[in-house]
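Please look through the structure shown here, and then read the short report that follows, which goes through its parts one after another.

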Amino acid sequence: GERAPCARSGGRQRTLAMIKPDAAASEEEIVALAHRHGLRVVARRRLNLSPAEVRLFYREHRARPFFPSLVSFMTSGPVVALVLEGEDAVPAWRELMGPTNSQTARAVARASIRAQYGTDGQRNAVHGSDSPCSAQREVSFFFGARSLVPIQLRLIFDRMVAM
Ligand code: IDP
């Protein structure tokens, strides 16, 4: 059996995608790109993050010099949180996002979302979970503890409820 569901890789996965304030107006185009790459939206929330929420979401970066600036960018307007599902959704969405810095993205991954919708190393249009474990934590951050139940158990659970 599997030890930790979040350690599973390959197959059908879910990931947490976030459209950042600089690209929230381009939500439809970005979602269309996700669809074209085999990722479907299973949950969506448009919300304004508080500084405390951004500090929590990005806590691993709290000691970095860019942290205060990142917090003000992420609270400058609405974000759109999306749960995307598909084959290898975690790496598939990261690939579609492109490199962290949008200027680098324009040099090496012109078709990526960050190349098309981002500006620089901070204003880079989108976020994506970096592993299945991060995805589980980040889905829970936006959508609550119920989202932590693994997909396959959710399917069994939903079928039982439907009986
Ligand atoms: P990722 O978003 O590609 O996973 P991380 O290193 O986890 O990249 O950084 C999180 C976010 O923090 C980035 O998406 C970007 O908005 C911001 N960031 C990362 N590095 C820098 C930097 O050197 N300057 C300014 N902002 C940065």
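## The sheet

Ala17 stands opposite Gly128 in strand 4, and strand 1 and strand 4 run antiparallel, joined by three bridges. The model is a predicted one, in which local features need pLDDT of at least 70 and side-chain atom pairs count only at pLDDT 80 or more, while totals for chains, interfaces and linings use all residues. Residues are numbered from 1 along each chain, as its sequence is written. Helices (H or I, at least four residues) and strands (E, at least two) are DSSP runs numbered from the N terminus, and two strands pair if DSSP finds at least two bridges between them.

The open sheet has four strands in the order 2-3-1-4, with antiparallel pairing. Strand 2 and strand 4 stand at the edges with a single partner strand each, so one side of each has no neighbour in the sheet. From one strand to the next the twist averages 20°, where axes are lines fitted to C-alpha atoms, for helices over the stretch in contact, and angles run from 0 to 180 degrees between N-to-C directions.

## The helices against the sheet

Helix 4 lies across strand 1, strand 3 and strand 4, and runs at about 35° to strand 1; contact here requires the C-beta atoms of two residues, placed from the backbone, to lie within 7 Å.

A residue is called buried if 20 or more other C-beta atoms, placed from the backbone, lie within 10 Å of its own, exposed if 12 or fewer do, and partly exposed in between. Just after helix 7, Gly144 takes a positive phi of about 90°.

## Two loop residues with positive phi

Asp88, in the loop between strand 3 and helix 4, has a phi near 45°, a positive value in a residue other than glycine. Asp88 is partly exposed, because 18 other C-beta atoms lie within 10 Å.

Ala125, in the loop between helix 6 and strand 4, likewise has a positive phi, near 75°. Ala125 is buried, because 25 other C-beta atoms lie within 10 Å.
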